[in-house]
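Please take a careful walk through the structure shown below, with its sequence at hand.

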Amino acid sequence: MNIRLDPRTKLYMILVVSAVVMMSATTPLLWSVRIIITLVPIVLLIAEKRYASTFRFFALYITALVLTFCFLSEESTGIIQSLLTGYCGIIAQFLPAMITAWYVIRTTKIDEFVSAMQKMHIPDGITISLAVVMRFFPTIKEEYCSIRDAMKMRGITLGGGSIVKMIEYRMIPLLFSCVSIGDELSAAAITKGLGGKVKRTSVAVLKLSAADIMLLSGFTAAAAVFVIFKYFI
Amino acid sequence: MADKKEHTIEKKKLGVRDFITVGIFTAILFVVEFACALLGYLHPIMVAALSVLIPIVGCIPMMLFYTKVEKFGMITIMSILMAIILFVTGMGYLGAPITIISGVVADLIAKSGGYKSFKKTILSNGIFSFWICSNYFPVVVTADSYRKDLIDAGYSAEYCDSLFAFVNYKTIAVLFIVCLACGCLGALIGKAAVKKHFEKAGIV
Amino acid sequence: MMNSMIEINNVSFRYKGSDEGLLQDFSLSVKKGEVILLCGASGSGKTTVIRLINGLIPHYYPGELEGDIHVAGHDIKETELYELAGVVGTVFQNPRSQFFSVDTDGEIVFGPENIGLAPDEIIRRKQEVVEEMNIETLLGKSLFELSGGEKQKIACASVSALLPDIILLDEPSANLDQTATADLRKTIIKWKKQGKTIIISEHRLWYLRDIANRVICMENGKIKNEWKGKAFSGLRAESIRNLRLRPLTVDNPFFERTNELTVPDIPDEDAIILENFFFTYRHIPYLFFRKKLTQADSDILSLNIPRLKLPKGCVIGIVGRNGTGKSTFLRCICGLEKTCPGVIISDGKAYKGKSRTDYCYMVMQDVNHQLFTDSVMSEVLLSMKEKDEQACEDILEKLGLFPFKDKHPMALSGGQKQRVAIASAVAAGAKLLLFDEPTSGLDLSHMEKVGQLLTDLSKTGSTVLVSTHDPELIEQCCDYILCIDKGQVGYYRVKEFCMCR
């Protein structure tokens with residue numbers, strides 16, 4: 001099974017999920033709406049064959065829910081219990097937004113995202129910068145790993161006990177690398193015509209499919225139900 | 001004369017190189033934010049401490065970024081990107097207006113100093129740091145109703161207080177001030193680091 | 001005029017705020033379909049010429065520019081860079097920094113998208129380029145998973161997709177192994193057949209033999225010599241050497257695989273013994289403790305070296321194709337791969353796990369990652385357990401770094417940075433020094449300097465392991481050669497033995 005969603009649908013999903021987690025669920029109905037919309041990205045992740053992360057999220061979410069509902073509703077004053085309640089509460093409340101975000105980040109290609117931004121009439125400057133941000137995360141990871149290796153070899157991973165040095169030794173080489181990569185990257189991108197006056201095209205075809213429309217309307221309905229039952233009934 | 005005019009126009013407009021610079025530093029800033037936010041899992045107080053940690057840890061990249069800013073728009077775009085990234089990573093959209101407004105204001109302040117004045121840069125960085133507060137918005141906005149729910153559900157008031165003692169609609173004002181102060185302090189530290197390394201190495 | 005693609009007339013150039021990279025009264029005229037090879041020492045102005053043609057000078061790198069440059073009818077000074085995108089394509093030296101995308105497909109279509117071609121046309125071009133360059137297997141991958149050679153292929157494809165008449169290559173083989181370099185040769189030959197005008201700036205010359213129509217040797221921003229392609233191929237090895245150029249032919253006995261496994265006979269007391277160097281990239285699930293890797297796991301091992309003796313005080317060259325485990329081997333030796341159970345035994349002492357880090361020191365391929373402080377002096381002091389300024393100055397003196405002791409390491413040249421890293425290794429008291437491709441992208445003089453340095457280090461009692469793709473370096477300084485093949489020792493022997501074979 002392979003569901004390819006439009007990036008715009010995915011962004012809408014995030015919007016709805018983060019709106020819903022902002023409003024606390026007080027009745028079983030509201031809880032079930034919230035759980036159902038959490039299950040959507042989980043199912044989508046399964047369809048993407050990302051079993052391990054799906055399982056982790058699912059287990060975490062269920063544990064948090066079960067703990068919140070069954071065990072921690074009595075007077076819990078002990079430190080461990082109160083901390084645990086705090087975590088479970090926060091997880092149960094905000095994990096849905098994180099799962100959705102994780103799904104979107106894992107399944108969206110940069111050029112799809114960029115062309116979705118273009119379709120939504122976001123200015124080019126922002127689109128280009130955003131594409132660079134996405135491209136740079138793996139670069140930072142690569143550079144950071146080499147720097148960490150070099151630190152290990154010299155035994156200065158802990159900065160000789162000083163937190164300032166610990167940060168400085170990581171940050172300075174990283175910034176030197178990033179700046180020089182950035183300069184070369186700009187030069188290469190410019191010779192390939194980035195930033196011209198011509199309107200950029202894209203081979204990423206964005207079309208709302210049946211699945212997109214289903215999800216869009218489903219999420220709209222869920223949000224509507226949530227708001228109506230919480231504030232009006 | 002015509003030549004000169006063209007020259008200034010070209011300087012005012014942002015180019016690919018500027019966009020790429022903004023992208024790179026936004027990515028670094030977000031990595032800093034992400035690393036610091038991981039500490040937030042330890043205890044709620046660490047979440048509150050973000051407004052100290054991020055401006056201080058992120059001060060070197062920010063000040064290096066400021067040395068590369070010469071035109072209006074770069075700081076603004078950075079704030080818009082931060083807003084988008086925070087939204088996409090599930091931090092909610094309520095902080096977006098604050099992030100972007102503080103970005104524009106920071107940009108205007110830096111511009112008034114011609115992007116050269118260090119005093120203006122300090123203030124600008126302080127204002128820009130307000131974006132960190134958008135991390136708190138989901139908790140702050142839900143805090144009141146969340147707390148009520150928890151107590152209704154039988155949680156002890158003691159626990160709820162400890163959870164929300166540091167982050168709530170009252171302390172958010174304090175957190176804003178902390179951000180501003182640490183942003184300014186960070187600017188001083190970052191400037192020193194930039195001088196120590198990047199100016200000495202001759203790359204800025 | 002129709003016939004001439006590139007006209008550079010009396011150009012002088014100096015980078016803003018620098019006296020380096022001077023071009024003086026440089027003129028060059030290139031006809032359509034010509035292939036030109038630019039060679040010469042680093043800093044002779046090769047890259048500056050490339051930048052003049054693709055317009056990065058003066059639009060991206062500002063400076064003082066005199067003279068005119070016309071490329072395919074465009075006056076470079078008056079042309080915006082993006083207008084040149086479909087006219088001139090450039091393949092840069094560093095594969096990791098010339099990509100804008102994260103995935104291979106996106107990178108190939110990046111240029112055509114920028115110049116606003118219709119999506120159908122872009123897809124057609126992409127298919128054409130992919131077929132032409134045989135890169136079907138690379139599609140749909142992340143660029144961050146590719147090897148240097150594969151990255152460079154994608155870079156070529158991405159330039160090709162813009163269908164430029166002129167293609168520039170700026171030291172494209174600097175980070176490639178022999179096989180990848182040979183592939184690059186094929187790509188250039190294809191372009192030549194399509195009638196593209198090609199200019200290549202390069203130190204490695206062997207793979208461009210018989211491709212170039214003209215060869216230009218530069219010195220201090222001027223043309224020093226110029227040959228027709230055939231005449232250049234006919235130059236004798238000595239004359240090439242006298243020009244301070246790297247050789248035209250590499251008949252390398254070092255890289256060939258042989259079945260004989262001649263292990264040099266070294267007495268135990270004169271050797272550093274490596275035992276149990278096993279490592280796998282495969283993720284093995286575990287509960288609490290990882291199972292120790294042993295030789296029995298041989299089918300999953302990416303590195304499988306049960307026992308190896310390294311003669312003390314020698315330079316040992318490690319050869320082998322990219323991706324066969326050379327770097328992994330080095331990383332395992334100096335203790336960077338935690339799961340490798342390897343033990344280093346020297347003088348009856350065994351170094352395991354973390355203590356390997358104290359015994360060895362690796363100078364990384366990108367030395368920028370291992371410089372942390374704000375002066376050369378403090379960089380070396382950082383490595384000393386007991387800070388001793390006198391000893392530190394002695395080390396710097398020996399490596400010729402004393403005049404730079406207060407400079408910022410990042411303000412130094414590439415070779416000097418390498419020496420700073422070596423100085424910290426010496427200061428840390430490392431006995432086994434590892435070098436990961438220290439000569440990639442260097443010209444002959446710099447390569448010889450590195451070779452000399454390695455020899456000197458071994459004479460002062462350090463043992464040096466150096467992985468390399470450069471036969472010249474092996475010839476110059478290695479005493480032993482170790483070939484790694486599929487994670488195992490392919491062969492291991494004294495160098496002389498190779499030579500007389």
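Residues are numbered from 1 along each chain as its sequence is written, while chains are lettered from A and ligands numbered from 1 in the order in which they are written.

Confidence is expressed as pLDDT, the predictor's score for each residue, from 0 to 100. In chain B the average pLDDT is 82, and 75% of the residues score at least 70. Over residues 1-10 of chain B, however, pLDDT stays under 50, and the model has zero contacts beyond four places in sequence for them; two residues count as in contact if their C-beta atoms, placed from the backbone, lie within 7 Å. Where pLDDT is low, the predicted coordinates should not be read in detail.

Chain A is divided into domain 1, covering 7-108 + 206-232, and domain 2, covering 113-191, with bounds that come from an automatic or database domain assignment. The C-alpha centres of domain 1 and domain 2 of chain A lie 31 Å apart, and the contact between these domains takes four residues from domain 1 and five residues from domain 2. Also in chain A, Val66(A) is found in helix 3 (residues 51-71), where helices are DSSP runs of H or I with at least four residues, strands are runs of E with at least two, and both are numbered from the N terminus. Val66(A) is partly exposed, because 13 other C-beta atoms lie within 10 Å; on this scale a residue is buried if 20 or more other C-beta atoms, placed from the backbone, lie within 10 Å of its own, exposed if 12 or fewer, and partly exposed in between.

In chain C, an open sheet of four strands has the order 12-11-14-15, with antiparallel pairing, two strands being paired if DSSP finds at least two bridges between them. Its edge strands are strand 12 (303-311) and strand 15 (349-352) of chain C, each of which pairs on one side only. Strand 11 (residues 271-279) and strand 14 (residues 343-346) of chain C run antiparallel and are joined by three bridges, and Glu275(C) stands opposite Val343(C) in strand 14 of chain C. Helix 9 (residues 326-333) of chain C packs on this sheet, touching strand 11 and strand 12, and its direction makes about 115 degrees with that of strand 11 of chain C; such angles run from 0 to 180 degrees between N-to-C directions, with axes fitted to C-alpha atoms, for helices over the stretch in contact.

A further open sheet of chain C has six strands in the order 16-17-18-13-19-20, with mixed pairing. Strand 16 (360-363) and strand 20 (488-494) of chain C stand at the edges, each with a single partner strand, so one side of each has no neighbour in the sheet. Strand 19 (residues 480-485) of chain C runs antiparallel to strand 20 of chain C, and six bridges join them.

Helix 11 (residues 376-383) of chain C is mostly covered, as six of its eight residues are buried, among them Val376(C), Met377(C) and Leu382(C). What covers these buried residues includes helix 6 (124-154) of chain A, together with helix 12 (389-398) and helix 13 (414-427) of chain C.

Terms used:
Predicted model: local features only at pLDDT ≥ 70, side-chain atom pairs only at ≥ 80, totals over all residues.
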